[in-house]
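Open the model in your viewer and switch to a cartoon view. The tour goes from a sheet to a helix and then to helix pairs.

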Amino acid sequence: MPKVTVNGKQVEVAAGTRVITAAQSAGVEIPHFCYHPALTTPANCRMCLVQQKGQRRLVPACSTVVTDGMEIDSEAEEARVNRKGVMEFLLINHPLDCPTCDEAGECRLQDYTGAYRMNDSRYAERKVTKTITNLSENVQFWGNRCIVCTRCVRFCQEVTGTSELGVFQRGDHNEIGVFPGPGKALDNPLSMNVVDICPVGALLARDYLHKTRFWFLKTTDSTCATCAKGCSIHVDAYRGEIMRLRPRENPQVNGFWMCDTGRLNYPYTHRKDRLKKPLVRKNGALVETSWEEAIDAVYQGLEAVRARHGPQAIAGWSSAWATSEEALLLKIFVEGLGGAVAGFSALPDKKEIILPKFTIPADRNPNRRGIQAHIGSRKTTTKPKGVHVLGGIPDYTLTPQEKELFSSLEFLSVQEIFLSELAQKAHVVLPGATPFEKSGTYVNAQEIAQELKAAIQPPGDAREDRRILEELVRTFAPQAAATAP
C-alpha cells in the first residue's frame, strides 16, 4: 500500500487511490466541482489542482493516482492562485442571486467564493444570460448559475444509461440541455439525483422550490419506506412538516442515489384527511373519543369475542409497512389473548427496474422480510370473529382474499393513518403514524436491517403504532409485557 504525504501528514492508502481521496484520509478537503466519487473524472473544472513535489506544473487531484512516496501540497501558493483564477472565471457570468437561490447554504461556489475572498470583479463587459427551463416535471434548470461541471450529464450516461442530457453551444455560451426531439425530457427513474450532485443552484427540485432555507431545516437520518430496497435517506423538515427527502450515502444498499418515486413519497403525510383522534362506533357511526375510551373499547370488543367463541376466534393482521418491532408487539398482544397473527397486507409487486448502476426492486413494501421473520409468510384461510389490524399503507385497497377474511367479523379494531376501506368498517380506529413519524427497524430485500427514525411528530392525538401496541399489551397481556421489545 503506497504512502503519500498530504500537507505534511503521511497516510497509507490502497493502490489506485486518487490524490483527492487520499487527501480526505489525511483530513484535507481539496476544493472541487466536477469530481464525484461515483462518476468518471473529466478533470474539467481545474479547481482541484495541487502541487506535487518533483512536478513542474500543478496536477489535478481528482484524476492523479497516488504513488509511494508522493508528496502533495494542496495549500501551496501556486495552487491557491490557480483556484482564485478559476473562481474569477466562473463568477464572470454567474448572477448575484444568492439571496433568492434555493442552493444558498449548500452551494460549493458560494463556499469557495468566501474561502478565496472573491469580493470584486474585474469583468466590465455584459454578462452572458441563459435560460430558465423545466427539464422535466420534477427538475428545473437555471442556466445562468450553471458552471458546466457535467456531473448531471455523466450521471445520465453512467448511472441510469439514459443519456438525456448534453452540453450544447460553444465557449461561454455552453449550456446543459436535453437532446432535441419531440417529447424529450429528463425522464428516468433517478432523474432527481442530478439536483443532489449539482454543486451550484443550476438544477433544482421543483417539489422544494422556494419552500424554505437550508439552515432552517431539521435533518433526520432514516430509511426510505417506498420499496424493499430501503435506501438510506435524509429527511429534511421545517416546523413539523417534511420539506424534502435526499439520498444518504450507503455503499451496501443504495450508494449515493435514490429513485424519484421514493423521493416524492412524502406529501401524503400532511394530507388533511389524516386521522388525528381515536374513533369508536356508536349508533352505527364512527365518532371521536379519548384514547382511554378507545383502548377500553378494544378490550371490551375482543373480550366479548373470546367469551363467545373462544381465543382461537381472535386474530391479528399486520402490514408489510409496519416495523419489525410493531410486528413482534402485535404477535405478543394477540397471542396473549390466545389468538394468532393471521397474515399481513402488502402492495402488489411492480416490474423490477434494472439500470447500469442502480436497481429498483419489484417489491413495493419496505419490511416484508421483517414481518415474515416474526409472523411468517402464509395467510390463514380460517375466518376469525375478532381482529386487530395494524395498517399504515397509504390508500391501500383490500385484496379479494382479505375482503373474504374480514367479511363476517363481530369486532374489528384498526390502527391506521387514514379512514381506509377497512377502517370505515371498524368498531374502533386508532390513529397511527407514517414511517416519517416513528422509529423502528426495516429489513430490506438483501436481508439488511436498517433503522427507521422519527423526523416529525404525528398530527393531533395520533401516536406511534409501537406505543399503541405497548399500551394494548399492558392492558391485555401484562404477563407478556416483559418480553416486549
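Two strands pair if DSSP finds at least two bridges between them. Keep that rule in mind for the first stop, and note that this is a predicted model.

**Stop 1: a sheet**

Select strand β7, residues 139-142, together with β10 (203-205). Three bridges join β7 to β10, and the two run antiparallel.

The three strands form an open sheet in the order β6-β7-β10, with antiparallel pairing. β6 (132-134) and β10 are the edge strands, each of which pairs on one side only. Going from one strand to the next, the twist averages 25°.

**Stop 2: helix α4**

Next select residues 151-158, which are helix α4. Is this helix largely enclosed or open? Seven of its eight residues are buried, so α4 is largely enclosed by the rest of the structure. Colour the buried ones: R151, C152, V153, R154, F155, C156 and E158.

To see what lies over them, show α3 (108-115), β8 (165-168), β9 (175-178) and α5 (193-197), which are among the elements covering these buried residues. Strand β10, from the sheet at the previous stop, is also part of this cover.

**Stop 3: α8 against α11**

Select helix α8 (residues 324-336) and helix α11 (residues 465-476). Their axes are 9 Å apart and the packing angle is about 20°. Angles under 35 degrees count as roughly parallel, and α8 and α11 are therefore roughly parallel to each other. The crossing of α8 past α11 is left-handed.

Show side chains where the two helices meet. On the α8 side these are E325, E326, L329, L330, I332 and F333. On the α11 side they are D465, R466, L469, E470, L472, V473 and F476. The residues of this contact comprise eight nonpolar and five charged, with no polar ones.

**Stop 4: α7 against α11**

From α7, the contact uses W291, I295, V298, Y299 and L302; from α11, it uses I468, E471, L472, T475 and F476. By class, there are eight nonpolar residues, one polar and one charged.

Finish by selecting L472 and F476 of α11: both take part in the contact with α8 and in the contact with α7.

How values were computed. Residues are numbered from 1 along each chain as its sequence is written. This is a predicted model: local features need pLDDT of at least 70, side-chain atom pairs count only at pLDDT 80 or more; totals for chains, interfaces and linings use all residues. Side-chain values use heavy atoms; hydrogens and water are left out. Buried means under 20% relative accessible area, exposed over 50%, partly exposed in between (1.4 Å probe, protein chains only). Helices (H or I, at least four residues) and strands (E, at least two) are DSSP runs, numbered from the N terminus. Contact means heavy atoms within 4.5 Å. Axes are lines fitted to C-alpha atoms, for helices over the stretch in contact, and angles run from 0 to 180 degrees between N-to-C directions. Angles under 35 degrees count as roughly parallel, over 145 as roughly antiparallel, 65 to 115 as roughly perpendicular and the rest as oblique. A crossing is left-handed if the near helix is turned anticlockwise from the far one by less than a right angle, and right-handed if clockwise. Ala, Val, Leu, Ile, Met, Phe, Trp, Tyr, Cys and Pro count as nonpolar, Asp, Glu, Lys and Arg as charged, and the others, Gly among them, as polar.
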